[in-house]
Amino acid sequence: MSVLAPSPDRAYTLADFDFDLPESLIAQHPAPERSASRLLDGRGAQPVDRVFRDLPDLLQPGDLLVFNNTRVIKARLFGTKATGGAVEALIERVLPGTQEVWAHMRASKSPKAGARVRFADAFDAEVLGRCGPDDGLFHLRFEGDPFTLLERHGHVPLPPYITHADEEDDVRRYQTVFAKEPGAVAAPTAALHFDEGVLAGLAARGIRTAEVTLHVGAGTFQPVRTDNLAEHKMHSEWFDVPQATADAIRATRAAGGRIVSVGTTTLRALESAARGATPEAILDAGQRDTDIFITPGFDFRVVDVLITNFHLPKSTLMMLVSALAGYEHIRSLYAHAIAQRYRFFSYGDAMLIQR
């Protein structure tokens, strides 16, 4: 577990990141148009209400915008055990080059190693045992390629606060327009606001783009259950920073440009890649897992500006944005967003903040 020290002038507790959110502000469906979402410009002392398609004019020529190109897989499966009991599975990770997966499973009685589960009345999976952090996941072997079977028989893994079952529109809208690397069980939601018009506007303004991959896991919704933040065990996610992206970041910094992270998942990948890197390198390219936990007091080495959605109370993402933009500033921005009835969470509106 990687825990970053809190600010030396204050020891934050879980209660510091709580707030009252009217249930009516939890977005159940996306805006009719991606870039028609609202954008709260929180870069200055006073918030400014904007629309997301304004973004190109809010950034500077020479900035580098970094996206997470992960692709959400249809990771939710419904099935039955040989005994007839119902099973619901959420695939957390597909093991590269195999027919094996790690999965969360819900059943009246947990299946044991050697048991078989019939999913979607279409294919079988063998339970190989328990795995993952604290053996909290199940290790399964599918009868076929996992990505193919999930695409045919799985369901879009909508977050727990979205109350409707996945629909055809979710297949399209709970996915970014530039998604290409399959493996995520949750969308990098800040990127859901981008469409071809915004991307064209960024290019016309001289704002370059680069990509990382971080396969968002179900742990992103895991609640923090301890008042002492140092005791929280962060979930682990796989990420890849290509050499071309690392080179683009160094070139941007050398030219005086800023690194703009699209979403907290991109930020976690970039700042994870910076850990252990020399100041000259800024960050190291490559693939690995990260369990980075960013709280106030964190020393950001890569990201200057962040585009992000509005996050759950008491969540690790509330701690992350508070670390970047300042605790009191984030509190005031959220109070403004609630008063102005911004839409919250995955299908909600966006915010622009900076260090």
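**Notebook: rings, sheet, cores and salt bridges**

I began with the aromatic rings and found that ring pairs join Phe19, Tyr161, Phe310, Tyr334, Tyr342, Phe344 and Phe345 into a cluster. I note here that the model is a predicted one. My count of aromatic pairs came to 20. I then looked at Phe298 and Phe300, which form an edge-to-face pair with 4.7 Å from centre to centre and 85° between the planes. Phe298 and Phe300 are both buried.

I next traced the strand order of an open sheet and read 3-2-19-18-15-4-13-14-16 for its nine strands, with mixed pairing. Which strands are at the edges? I found strand 3 (48-51) and strand 16 there, each pairing on one side only. From one strand to the next, I recorded an average twist of 25°.

Within this order I looked up strand 4 (residues 64-68) and strand 13 (residues 208-214), which pair in the parallel sense over five bridges. In this pairing I located Asn68 opposite Val212 of strand 13. I also asked which strands helix 5 touches. Helix 5 (residues 243-254) packs on the sheet and touches strand 4, strand 13, strand 14 (237-241) and strand 15 (259-262). Between the directions of helix 5 and strand 13 I noted an angle of about 135°.

**Nonpolar cores**

I turned to the largest nonpolar core, which has 69 residues. The residues with the most contacts inside this core are Tyr174, Leu270, Leu283, Val302, Ile330, Phe344 and Ile353. Helix 7 (residues 316-325) contributes the most to it, with seven residues. I recorded a second, separate core of 23 residues, with Ala75, Leu90, Phe138 and Leu149 among its members.

Setting aside neighbours within four places in sequence, I listed its contacts as Val241, Ala246, Ile249, Arg250, Leu270, Ala273, Ala274, Ala277 and Val302.

**Salt bridges**

I counted 19 salt bridges. The side chains of Glu88 and Arg106 form one of them, at 2.9 Å from N to O. I placed Glu88 in strand 7 (residues 86-94) and Arg106 in strand 8 (residues 100-107), 18 residues apart. Is Arg106 buried or exposed? I found Arg106 exposed, at a relative accessible area of 59%.

I then examined Arg93 and Asp289, whose side chains meet in a salt bridge of 3.1 Å, N to O. Arg93 lies in strand 7 and Asp289 in strand 16 (residues 286-290), so this pair ties together parts 196 residues apart in sequence. I recorded Arg93 as partly exposed, at 21% relative accessibility. Asp289 is likewise partly exposed, with a relative accessible area of 39%.

My next entry is the salt bridge between Asp304 and Arg355, with the closest N and O atoms 2.8 Å apart. I located Asp304 in the loop between strand 17 (292-293) and strand 18 (305-309), and Arg355 in the segment after strand 19 (350-354). The two residues are 51 residues apart. Why does Asp304 count as buried? Its relative accessible area is 15%, and the cut-off for buried is under 20%. Arg355 is partly exposed, at 45% relative accessibility.

Finally, I noted a network of salt bridges that links Asp41, Arg43 and Arg50.

Methods. Residues are numbered from 1 along each chain as its sequence is written. This is a predicted model: local features need pLDDT of at least 70, side-chain atom pairs count only at pLDDT 80 or more; totals for chains, interfaces and linings use all residues. Side-chain values use heavy atoms; hydrogens and water are left out. A nonpolar core is a set of buried Ala, Val, Leu, Ile, Met, Phe, Trp, Tyr and Cys residues joined through side-chain atoms within 4.5 Å. Buried means under 20% relative accessible area, exposed over 50%, partly exposed in between (1.4 Å probe, protein chains only). Helices (H or I, at least four residues) and strands (E, at least two) are DSSP runs, numbered from the N terminus. Contact means heavy atoms within 4.5 Å. A salt bridge is a side-chain nitrogen of Lys or Arg within 4 Å of a carboxyl oxygen of Asp or Glu. Two strands pair if DSSP finds at least two bridges between them. Axes are lines fitted to C-alpha atoms, for helices over the stretch in contact, and angles run from 0 to 180 degrees between N-to-C directions. Rings of Phe, Tyr and Trp (its six-membered ring) pair if their centres lie within 6.5 Å; planes under 30 degrees apart count as stacked, over 60 as edge-to-face and the rest as tilted.
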